[in-house]
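Thanks for making time, everyone. I'd like to walk you through one model this morning.

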Number of protein chains: 4
Amino acid sequence: MVIVMQQGATEPQIDAVIDRLTELGFDVHRSTGVMHTVLGAVGGKEEFDLDVFELMDGVKEAHRISSPYKLASRSFRPGGTVVKIRDVEIGAERVVVMAGPCSVENRDQIDRSADLVAAAGARVVRGGAFKPRSSPYAFQGLGEEGLVMLRQAADRNGLLVASEVMDHTQIPLVAQYADILQVGARNMQNFNLLRELGKQRTPVLLKRGISATIEELLLSAEYIMSGGNYDLILCERGIRTFETYTRNTMDISAIPVVKKLSHLPIVADPSHGTGRRDKVVPMARAAVAAGADGLLVEVHPDPDHALSDGTQSLWPEQFHEMMRQLRIIAAAVERSI
Amino acid sequence: MVIVMQQGATEPQIDAVIDRLTELGFDVHRSTGVMHTVLGAVGGKEEFDLDVFELMDGVKEAHRISSPYKLASRSFRPGGTVVKIRDVEIGAERVVVMAGPCSVENRDQIDRSADLVAAAGARVVRGGAFKPRSSPYAFQGLGEEGLVMLRQAADRNGLLVASEVMDHTQIPLVAQYADILQVGARNMQNFNLLRELGKQRTPVLLKRGISATIEELLLSAEYIMSGGNYDLILCERGIRTFETYTRNTMDISAIPVVKKLSHLPIVADPSHGTGRRDKVVPMARAAVAAGADGLLVEVHPDPDHALSDGTQSLWPEQFHEMMRQLRIIAAAVERSI
Amino acid sequence: MVIVMQQGATEPQIDAVIDRLTELGFDVHRSTGVMHTVLGAVGGKEEFDLDVFELMDGVKEAHRISSPYKLASRSFRPGGTVVKIRDVEIGAERVVVMAGPCSVENRDQIDRSADLVAAAGARVVRGGAFKPRSSPYAFQGLGEEGLVMLRQAADRNGLLVASEVMDHTQIPLVAQYADILQVGARNMQNFNLLRELGKQRTPVLLKRGISATIEELLLSAEYIMSGGNYDLILCERGIRTFETYTRNTMDISAIPVVKKLSHLPIVADPSHGTGRRDKVVPMARAAVAAGADGLLVEVHPDPDHALSDGTQSLWPEQFHEMMRQLRIIAAAVERSI
Amino acid sequence: MVIVMQQGATEPQIDAVIDRLTELGFDVHRSTGVMHTVLGAVGGKEEFDLDVFELMDGVKEAHRISSPYKLASRSFRPGGTVVKIRDVEIGAERVVVMAGPCSVENRDQIDRSADLVAAAGARVVRGGAFKPRSSPYAFQGLGEEGLVMLRQAADRNGLLVASEVMDHTQIPLVAQYADILQVGARNMQNFNLLRELGKQRTPVLLKRGISATIEELLLSAEYIMSGGNYDLILCERGIRTFETYTRNTMDISAIPVVKKLSHLPIVADPSHGTGRRDKVVPMARAAVAAGADGLLVEVHPDPDHALSDGTQSLWPEQFHEMMRQLRIIAAAVERSI
């Protein structure tokens, strides 16, 4: 931490700040300038409010030095993390596409979905068994029955399974069927859920909350990693802004930013990021062009009759065309699909 | 729902929309204008995506008519709801102040807190036993031991108790000790939690999420009410904007807006809404001036040594002065404290 | 400026940063800690990008110390500025209400407006002669003819006149008739306009842009003051957020924040801040309760037939009732109206 | 416009709304449903506040049908607009790169800049002669001298010139030297400037304001087009959000959205959009992948010593590498560079 004293701060004021820092376990280095005295403080407790110091007499500003996350920061693993699940590597040279319907609706629907995503070259099938719906009156998902169908559809096609856990109590059930446990945007700061996921050894895909900063996303990753689970994939899926034409605004720049700040792989979800089918493919292309390690895309064999989020699901032929374009773009960033 | 067709939409396009609406259970009224054909649709299923229609051929725009919440809307109870807990009424003529420390830290701290808030005229003491902290390394709360201390401190002073539930599994425990179950901003859309709270008969204080619209807040209220629990208090506590000087931006205008749209009482939390002690009192005054039914304020007998959120906790003497000012302001809006 | 070097930064890296700082005219103080070397730099050029340093090898973070505004900061005039125009003082004990229609439409309308605002106790009549309309097809204002009518209506009632300048070329004309030159939110960073206003001796009312931070508002104030015009009044009028129910979100907390950071008076404009008549009065009350030095309110003798912004103009009787309530609230903060 | 009456709205209330609509020149079609009466209104005045109706008794909601822009909408020119300037076409098959330094600093700097951008395949050199700086103490540009240098540097390399006009009074001067008049983000709603640009026949590049919605951008385009100047290029350059790691958040999805809503070409400015050199290339790739018609990029022969915005300017070698990657990506969307 660096504390800058006001011009004219008195010695007793400066001493009071030094005492407070020492009390919190910091080593303090004082640098007395012509205009400002600056106190550098290292080694103290992680968690405290900077404002504690900003409200002290004679203090002009306080700045935190250490980033509040350690395990999730790039310096922890400069070479980057590759999450390996059987023969699929996320964070390596190949861009990994995870695709499927919003919800598992019935056996036929999920079978057709898995067949089509496998045929187009995706490696993971996704589908929700429990749906967090903002209305109490909406379709809430098939539960375990849906997970069974999803697993079988995946296995027939040699795909991995990704599915969402809404709550820490659902982990044991979903982990029986899924290779990747998805954490939705609304749960990015559900700390009880994060803590339990830290104890698992199943990889986790953590979505950025719609109003979460990149730093908060990385701090939530830290929460999981501090429990011992390092197999973590981050996901950009749009943030809330004043623009209302798209459901959310996809923060494509978060992709290169996260690659710099953290060693964790990051994928993009253009389906939730835009909420509109006709914007999904352009944004999928943009995400790969910006350096994403993978994509999470909704595709449905018959989007017009989907029980949830049909308007953001791709038609099968759109999905194929998207994969074709992505293969060209991946080459521009020295990757393949 | 109202659907506006594009200029030049063909009869088959119009028929396709009408068929789709009928399929969803709507009664359709067609109005053929010179430029646009407009379809009015009533009585269908609650939950569907407007975009389903916006993506159909020949459709220009679709607008939802019915607000998606019913039980929470003002028309359900035009006279307004008063939540009565023993001799305290929230939503009635008196502005109800709920105050106390961020966390219960030890018996002495919570006793002194309860004494001081009671002496100043507050009716409810608040304090967290489980703390949702964004860092895994921070103080996490005393748990049940804290709840016991909080209840005893309240009873000695004839106060009610408000305390947070972080998770549906904590409800049975917290409900044993608290009169009001608080739902934090991060949990506003934790639908499993909301569903369980709907089955309780303990009043709930629901905080607006930092990126939640007013409509989403009311929809979360609907979730709880649809389970049968109508004793609900809403709380404005700041939204996330581009301004960084304050931790959040308190949306004071949400207070009169909610009063118009809903019958539920609404209180304001200027402590979390601003994150800075010196802004708490002005914003508390603003909230009451704007028509808030109550306040949720952090006060601590010794804020400098608080284990959490000390920099937003009022000093005891500030709290007393705030109460004095609020009594004058309440009179301007025909209320008392 | 404070520059924090990365752990393990080499001596040549540290030297390169010191050289660069010296080149920019800074005195540098080095503090070598166990983990980080910290460089404190004072006295250099005002304007440069912090990022210049953040992109240098071995640098972890750079923080600016001095606030980029000086003349506008509270420390420049700790006692606060009072803008005196004839017998009206803005920034003193009395809360000053400025009111009138959005646009001057005709003589009868502006006369009736001035009469009613004077009768209710306002001190300034406002009205636009040039209207910045976001559609090219909308009413654009009466121009000089409107200014003449406005001045006469004000003089008949002993009121001051506030009117907007859209452009630096309009200053000479508007300054002939107005006592206060209003700068609209869209022009807060029109630097040519600000520069010309700095050369004037007519007081300026500067509105915060809808996406401007408080710091940017103060920097725009600095622009004007650096030209020599210190008679400046700031105005909070709502910022753009994700909430769509209100046109903008009034940032009431900006009022106490500006009072702390700057010596300049600040007023609030609840008419533009909310865009809805039924929210104007609650937000006017909130602004005064939060410490505003004045209000800018739209009122119209016949809002239903206003040529612009009619839906946010108060009815005459609402304006009177608002003034009555504000008198009570002002007393709570030791002020009068 | 569509107006939905409340349940139980009375006949006199409905009649009052119909009368008001008629007064404003609308043809009204009434549709009486079981729950709601719906009024469809076409043909009236363009400019009025929807809220006029929302505040009338018995009205539940009002929705605008016609988009408020006409000339800028896709339906005005379904095939899309190509802006032709000598042998350069913007909006056609080739992606057009416009590049150069933030400011023209001296002859050597601008010559070297023009040489390098031409060598890499860009078609337009950009550079500011007048700089809108948010601090009054910063470098303000070389003025006409800079324009002369810029023109000569361009001509030596067969490039077009793009340069910013800050103000309507600067148009005659800048138009003498520039092929494209750039309107900065802060001026997107400077209506006096837009009006004058409408009278010009020099093509205009209009940047989206940092808090402007896509609809507002198109309405500003309409302003210019309504004056008769149809040679307009739009530019996405980042919006203001709560994320602070990047200076702004580039709204890449605005590119496909604008392509759908409007016939005008749209380019992207990843330099201002991110504010950080190391994010410029990934975002340039993303923009082209999403369908941008061109790019506006800052490049400087020696960014470390640039007088303005040096930290977002590319190094010459980064610019060349970017062009190489963009050629591959352009092919994926059936374009070339």
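Let's start with one residue. Find Leu217(B), which sits in helix α7 of chain B. A reminder before we go on: this is a predicted model. Is Leu217(B) buried or exposed? Its relative accessible area is 2%. The cut-off for buried is under 20%, so Leu217(B) is buried.

What does Leu217(B) touch, once we leave out residues up to four places away in sequence? Its contacts are Met188(B), Leu206(B), Lys207(B), Arg208(B) and Leu234(B). Now look at Glu236(B). Leu217(B) and Glu236(B) are separated by 19 residues in sequence. In space, their C-alpha atoms are 9.6 Å apart.

Stay in chain B and turn to the strands. Eight of them form a closed barrel, in the order β7-β8-β9-β10-β11-β12-β13-β14, and the pairing is parallel. From one strand to the next, the twist averages 25 degrees. Take one pair as an example. Strand β12, residues 232-236, and strand β13, residues 266-268, run parallel and are joined by 3 bridges. Leu234(B) has Ile266(B) in β13(B) as its bridge partner. You have met Leu234(B) already, as one of the contacts of Leu217(B).

Next, the helices of chain B. Helix α4, residues 144-156, lies across β8 and β9. The helix runs at about 155 degrees to β9(B). Then there is helix α6, residues 191-199. Which residues of α6 are buried? They are Phe191(B), Asn192(B), Leu193(B), Leu194(B), Leu197(B) and Gly198(B).

Now over to chain D. Here too we find a closed barrel of 8 strands, β7-β8-β9-β10-β11-β12-β13-β14, with parallel pairing. Neighbouring strands are turned by 25 degrees against each other on average, ignoring direction. Look at β10, residues 180-183, and β11, residues 204-207. These two strands of chain D run parallel, with 3 bridges between them. Leu181(D) stands opposite Val204(D) of β11(D). Helix α4 of chain D lies across β8 and β9, at about 155 degrees to β9(D).

While we are in chain D, look at how α6 and α7 pack. A quick general point: a pair of packed helices is described by the angle between the axes and the distance between them. For α6(D) and α7(D), the angle is about 45 degrees and the axes are 7 Å apart. The two helices are therefore oblique to each other. From α6(D), the contact uses Phe191(D), Leu194(D), Arg195(D), Leu197(D) and Gly198(D). From α7(D), it uses Ser220(D), Tyr223(D) and Ile224(D). By class, that is 5 nonpolar, 2 polar and 1 charged.

Next, a contact between chains. Helix α10 of chain B packs against helix α10 of chain C, residues 277-289 in each. How are these two helices arranged? The angle is about 155 degrees, and the axes lie 8 Å apart. So α10(B) and α10(C) are roughly antiparallel. Their crossing is right-handed. On the chain B side, the contact is made by Pro282(B), Arg285(B), Ala286(B) and Ala289(B). On the chain C side, it is Pro282(C), Arg285(C), Ala286(C) and Ala289(C).

Two stops in chain C. Strand β4, residues 59-63, has 4 of its 5 residues buried, so it is largely enclosed by the rest of the structure. Strand β1, residues 2-5, pairs with β4(C) in the antiparallel sense, over 4 bridges. Val2(C) stands opposite His63(C). The second stop is Ser313(C), in the loop between β14 and α11. Ser313(C) is buried, at 0% relative accessibility. Leaving out residues up to four places away, it touches Arg277(C), Glu298(C), Val299(C), His300(C) and Pro303(C).

Last, chain A as a whole. It has 11 helices and 14 strands. The C-alpha trace spans about 75 × 45 × 40 Å along its principal axes. Of the 337 residues in chain A, 66% are buried. Among contacts with a separation of 6 or more, 67% join residues 24 or more positions apart. That's my tour. Over to you.

Notes
Residues numbered from 1 in each chain as written. Chains lettered and ligands numbered in written order. Predicted model: local features only at pLDDT ≥ 70, side-chain atom pairs only at ≥ 80, totals over all residues. Heavy atoms only, no water. Buried < 20%, exposed > 50% of the residue type's maximum accessible area, 1.4 Å probe, protein only. Axes fitted to C-alpha atoms, helices over the stretch in contact; angles between N-to-C directions. Parallel < 35°, antiparallel > 145°, perpendicular 65-115°, else oblique. Left-handed = near helix turned anticlockwise from the far one by under 90°. Contact = heavy atoms within 4.5 Å. Pairing = 2+ DSSP bridges. Nonpolar A, V, L, I, M, F, W, Y, C, P; charged D, E, K, R; others polar.
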